[in-house]
Amino acid sequence: MSPPPPPLGRARKRAVQPFDAALDDTELIAARAALAQGRWTAVRALLAATGDDWDRRGHRVTTLAQESGTLAWARDWQLAEPESADAAVLLAVATVQRALHGKEKPTRAREACRTAAEALPADPTPWLGLLMLERVLGADQDVVRLFDEVRHRYPDHHHAHHLMVARLAERRPESGQDPLHEVYDFATWSAEQAPADSPLAILPVVAHAERYRVLATAGGEPPDPVASGHWVGRRARQVMKSAFDWWLEWERDDHPRSRLDLNFLVHAKYCEGRGAEAAALFHRIGPHATAVPWSYPDRDPHQAFRAARDSVLGTV
């Protein structure tokens, strides 16, 4: 087992980005740095090499789209190569990101995604962009329709399933700790339908965390997840054990979003009070922490992650 990561330290400068959406994708990090300097040819090569690895393509496009200058550089790329479908996809998802931050009209983002979808009919990524947008702005039927469009092109799409779980978890907050809530049914069904080595096996844990977010925000659960008891009931223990056993057997370290899954899993194990299991996961995560679920509900994710990790690993 690798040694624990060094402490993040209280003196970390706020200018440093503690949570990097690129996670451990070094090729993506290099292409993103080149794009920030206007060298979009590095992104062109990256996306061409990614091919139809749809989870990796979605991860790379959505990560690049979060950068403030991506929309402008994607437009330059499209002007230089108007027939480039990859340029259209990056432009579309970057427009979605700006729309979600109130810097672009949603109608323009929808149009850009549909244009990209026409250019690449088999690619789920433009539909993922639309799903990201409507997960926040759309009606339930629109979200379901877009999720089906993604699944039609790639049934096990990781990011799309996470978006769907987050949206479903927000239904009927007044029902409280309903073990029959639709988010649990959806997550269980998705995990069962996926191949044995699919990271969608972790989805029931994600559903449990997303539902806690909703209930705690509504005042139905304490704001401290450890004190809430949300992770220590019989059903919760079964879900956590099943997911941890899957990780021990299959650990998909090659999946582009594996560190996100591990953050959900270690958060659950920590809240459950399973220190030894949480320690193994913290070792595996290394420096690749993610904002969610440590930010649930409305917590400082940096502080929450550090406190949990230090408690388990005994760092200072």
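**Helix packing and local geometry in a predicted model**

Just after helix H11, Gly219 takes a positive phi of about 90°; helices here are DSSP runs of H or I with at least four residues, numbered from the N terminus. The model is predicted, with local features requiring pLDDT of at least 70 and side-chain atom pairs counting only at pLDDT 80 or more, while totals for chains, interfaces and linings use all residues. Residues are numbered from 1 along each chain as its sequence is written, and side-chain values use heavy atoms, with hydrogens and water left out.

**Helix H11**

- H11 covers residues 203-217, and its 15 residues reach 21 Å from the first C-alpha to the last, close to the 21 Å expected at 1.5 Å a residue, where the expected span is 1.5 Å times one less than the number of residues.
- Of the 15 residues in H11, 14 are buried, so that the helix is mostly covered (buried means under 20% relative accessible area, exposed over 50% and partly exposed in between, with a 1.4 Å probe and protein chains only).

**Helices H14 and H15**

- H14 (residues 258-272) and H15 (residues 275-285) pack at an angle of about 155° with their axes 9 Å apart, the axes being lines fitted to C-alpha atoms over the stretch in contact and the angles running from 0 to 180 degrees between N-to-C directions.
- The two helices H14 and H15 are therefore roughly antiparallel to each other, a term for angles over 145 degrees.
- On the H14 side the contact (heavy atoms within 4.5 Å) is made by Arg259, Leu262, Asn263, Leu265, Val266, Lys269 and Tyr270, and on the H15 side by Glu277, Ala278, Leu281, Phe282, Arg284 and Ile285.
- The residues of this contact divide into eight nonpolar, one polar and four charged, where Ala, Val, Leu, Ile, Met, Phe, Trp, Tyr, Cys and Pro count as nonpolar, Asp, Glu, Lys and Arg as charged, and the others, Gly among them, as polar.

**Helices H8 and H9**

- The axes of H8 (residues 140-153) and H9 (residues 158-169) come within 10 Å and cross at roughly 160°, and H8 and H9 are therefore roughly antiparallel to each other.
- Asp140, Val143, Val144, Phe147, Val150 and Arg151 of H8 make the contact with Ala160, His161, Met164 and Arg167 of H9.
- By class, the contact of H8 with H9 has six nonpolar, one polar and three charged residues.

**Ala42 in helix H2**

- Ala42 is found in H2 (residues 41-50) and, because its relative accessibility is 26%, counts as partly exposed.
- Ala42 touches Ala31 and Ala34, leaving aside residues up to four places away in sequence, and the C-alpha atoms of Ala42 and Ala31 are 5.2 Å apart in space although the two residues are 11 residues apart in sequence.

How values were computed:
Angles under 35 degrees count as roughly parallel, over 145 as roughly antiparallel, 65 to 115 as roughly perpendicular and the rest as oblique.
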